[in-house]
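I opened the file to follow the sheet from strand to strand and then to look up a single residue in it. My entries are below, in the order in which I made them.

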Amino acid sequence: MPVRALVLPSRVWVEVPGDSITLAELVRTIVERGFSGNLIVLVNDRIADEPWTLIRAGDRVVVIEEAPGG
């Protein structure tokens, strides 16, 4: 089962194959797919900020892409 993350505000699902992934790997994958700006990652309704945080398939992952500018 892949790890899935919903990227907001674009409402795009990003899937990464495998049973788990670290936060740093997930962010790198999302950036490689063309998303930019500051990314806030919520895992099971909590902000994940440590790069070694392990995200498992089945976790609820929401990535919020902050728009640059003011």
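**Sheet and surroundings**

I began with strand 1 and strand 7 (residues 61-66), which pair in the parallel sense over three bridges; the model I am reading is a predicted one. Within this pair I found L8 standing opposite I64 in strand 7.

I then turned to strand 1 (residues 3-8) and strand 2, and noted that they pair in the antiparallel sense over five bridges. I looked up V7 and recorded V12 as its bridge partner in strand 2. The hairpin of strand 1 and strand 2 has three residues between the strands, and there I noted that R11 takes a positive phi near 60°.

Taking the sheet as a whole, I wrote down five strands that form an open sheet in the order 2-1-7-4-5, with mixed pairing. The edge strands are strand 2 and strand 5 (46-47), each of which pairs on one side only.

I next looked up helix 1 (residues 23-32), which lies across strand 1, strand 2, strand 4 (38-43) and strand 7, and which runs at about 130° to strand 4.

Is V14 buried or exposed? I place V14 in strand 2 (residues 12-16), and I count it as buried because its relative accessible area is 2%, which is under the 20% cut-off. Leaving aside its neighbours within four places in sequence, I listed the contacts of V14 as V3, R4, A5, V7, I30, R33 and F35. I also checked N38, which is 24 residues from V14 along the chain, and found their C-alpha atoms separated by 17 Å.

Technical notes
Residues numbered from 1 in each chain as written. Predicted model: local features only at pLDDT ≥ 70, side-chain atom pairs only at ≥ 80, totals over all residues. Heavy atoms only, no water. Helix = DSSP H or I, 4+ residues; strand = E, 2+ residues; numbered from the N terminus. Buried < 20%, exposed > 50% of the residue type's maximum accessible area, 1.4 Å probe, protein only. Contact = heavy atoms within 4.5 Å. Pairing = 2+ DSSP bridges. Axes fitted to C-alpha atoms, helices over the stretch in contact; angles between N-to-C directions.
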